[in-house]
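Have a look at the model first, then try each task before reading its solution.

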Amino acid sequence: MNKKLTAVCVAAASLLTAGAVAGTVTFVSRYGYLWGYEDSLETLKAQEAELTAQLAEEETALKEAQAAYDAMAAAREADTWEHHIRQAFAAGEEAKAEADMVMLSALEQVSIVTFGTEDFNETMKEALLDEVMGAASDKIPLDYIITGVTEGVSEGLYGYAQSKAKDYVSDVLGGDIFQVAGIVDQLVNANSVPAVLANQMAEKQRTRAAGLVEFIGMEKHSVQDQRRSADSLYQLMDMEEQIGAATGRGTTLQKIQIYEQAVEYARQYGASQYAISQMARWKEETHEN
Amino acid sequence: MKTKKGILLLICGICAAISLALLVFVNVQTARMKEKAALYEEEQQAIERISQQQVRLGELEAQRASVEADQAVFDQEISALRDRQEILRPFLEEDRGLYDLEIGKFTDNYDVDMFQKVQRQSSQTGTIGKFVFGGGLFGQAFQSNEQYNMDQAYQNRIRFGEAVRTLTNSSRKLALEAKADYDSAYGFWLSLLDLKSGEEILANGKLLKQAGQTAGWEEERMRLVDALEKYAFDLSVLVTAYGTVLSTYEESFLSELSSQQAAVQAAIDRYDPQWSMGYTQEEKKERYLKFLENYRNTIDTMATFHSYDEGLAFAGETTAYHECYFRAYKNKGTIVYLKASPSHTFTGFVGKRYYDQYGNPLYISLDQGTVAILDGEIVDFTCESLEKAEALVQEARRIWQEYETEEFAHGYTSYAVH
């Protein structure tokens, strides 16, 4: 009995030991690689986050650099004589149209002229400018633009703004638009301005205003025409001021401001005309597009 | 035997205990190791990702370096184009004054206030009738003698204004046109300095490359200076003439003209100090004499109707040695016109001396002949010789200087040219 018990005990112990050894071996074989392992996940996560941010920054920087490069490449691509000429043409047409608007607007405020400001408002002006710019963009043959500037040709779309303004002037200015007699009457009867002087002043205004209306209606203006007209406009406004003072009703015309606007647009128009003629010459000389 | 068995059992017991303990230990550690293994796995993935990111970062940096290298070519080009701008800048700055110069704005000069005042005074004193308008656009006024005289004065002023405009119209037009051309050329080149960003510069590279070592607007500049010299001459004549018939309003008008004249002259002095362009001497003479005719008519009429125009005031008569009678007319206290006659009724031939506001003779009309003077120089005469003309000019100067003194009345014949 004792022998049997002993044998059982020994067998059990052996089994247990074998199981323990096997378990240990299995454990070691499975997890032995983790021997000495220290947890550094947080550090790695921080490093990863930092790298992610760096990557984002770098991507942004790359995009920016690429965009800048693309813009430069596009800019250089656009650096052609044709592009410059078309740009100058569009800018010139816009300036010319703006100058006409300034003149029309000023004319409407002069007491001797009878058409009203409500006929020509900002919306119409914008619409006209849009049309002008649309027409000026790419539709006109380049040679036509150059010839128009260098040789003064005024057909087709060239002088488009003027044609529009001309239409407007024709529409609005049907019949007598000047109230000369009314001005004379105000000057003479209301405030004792001598009739001789009143007639002279009113007639001068009428002549000058008629000249400006004719100018606006012209199909093509030279920059010299524009500059002289700005000067004439100033004289018209100055006389309006004198008449306003003489009749005691004053004037709200901002003559200096309007004159400076007209001169500035004339300058812009002139610069574009000069640019086109110069660029056409350089294009010819360099044989470049 | 028993002892051996006991030892064996003891060993078995110890082994069993150790094994048991080991099994318990392994069991406990296995659970821990599973967690650790999961962490380890996560870490490995993180390391993998980091590695990939580093590779990506490297790629991006390489790409950016490549783009920047390409960009550097543009930068060099832009830098070179900016240099062209800097070449252009001093030329533009040098001529900025001409661009900023304001010419024109030549207003109509009607002294309405003065004539309103005259008209009201006359109306109040009942010397003129009521206005009646009828027929025609401008109507006609019923005119009494008084009204007729006043109208003569008004019309005289209007005619003078027209004469002034006629004198300056062509040169003003010329100057405005030359200025328009100059501004066009200068404005174009100036716009190239407004290009600031790299894109703007590159997009206009062809234009900037045209900026040379000289002002591209030189031709337009010289044409403008030439036109300005003509305009300045006309302005100087006009300022002198207006200076002699100034009414109250015209002081400010003249002041504006003088400012413009000074600005124009300063511009000319800068570009052509010798004043070698503009009108020829012959052209100047022709213009001046033509204007002088209108001017003399204006003064004569103004003297006749001086009651209605404050530009010229009768300043009284002086008799010199009972031989010659003088009538003086002043503007703002200064003699600008002298009539002389051997008859106290001033009938028959009347000698005339026209002066500027500083006493310089402009025109002399005597029985010895006529003399026209421009800027102190005799430009035309009909008397017997240049010497005689010069003597008449000297005489006119002395008369102006001494007219209001006792010496003049008593000593006139001692220096009169006969």
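This is a predicted model: local features need pLDDT of at least 70, side-chain atom pairs count only at pLDDT 80 or more; totals for chains, interfaces and linings use all residues.

Residues are numbered from 1 along each chain as its sequence is written, chains are lettered from A in the order in which they are written, and side-chain values use heavy atoms, leaving out hydrogens and water.

**Exercise 1.** Describe the contact between chain A and chain B.

*Step 1.* Start with who takes part: 86 residues from chain A and 91 residues from chain B (contact means heavy atoms within 4.5 Å).

*Step 2.* Next, the area: the two chains bury about 8,400 Å² between them, 67% of it on carbon and sulfur atoms. Buried area is the accessible area (1.4 Å probe) that two parts lose on being put together, summed over both.

*Step 3.* Now look for charges: there are 11 salt bridges between chain A and chain B, each a side-chain nitrogen of Lys or Arg within 4 Å of a carboxyl oxygen of Asp or Glu. A:R228 forms one with B:E177, with the closest N and O atoms 2.2 Å apart.

**Exercise 2.** Why is strand β5 of chain B largely enclosed by the rest of the structure?

*Step 1.* Find residues 361-366 of chain B; strands are DSSP runs of E, at least two residues, numbered from the N terminus.

*Step 2.* Check burial: six of the six residues are buried, so β5(B) is largely enclosed (buried means under 20% relative accessible area, with a 1.4 Å probe and protein chains only).

Methods. Buried means under 20% relative accessible area, exposed over 50%, partly exposed in between (1.4 Å probe, protein chains only). Helices (H or I, at least four residues) and strands (E, at least two) are DSSP runs, numbered from the N terminus.
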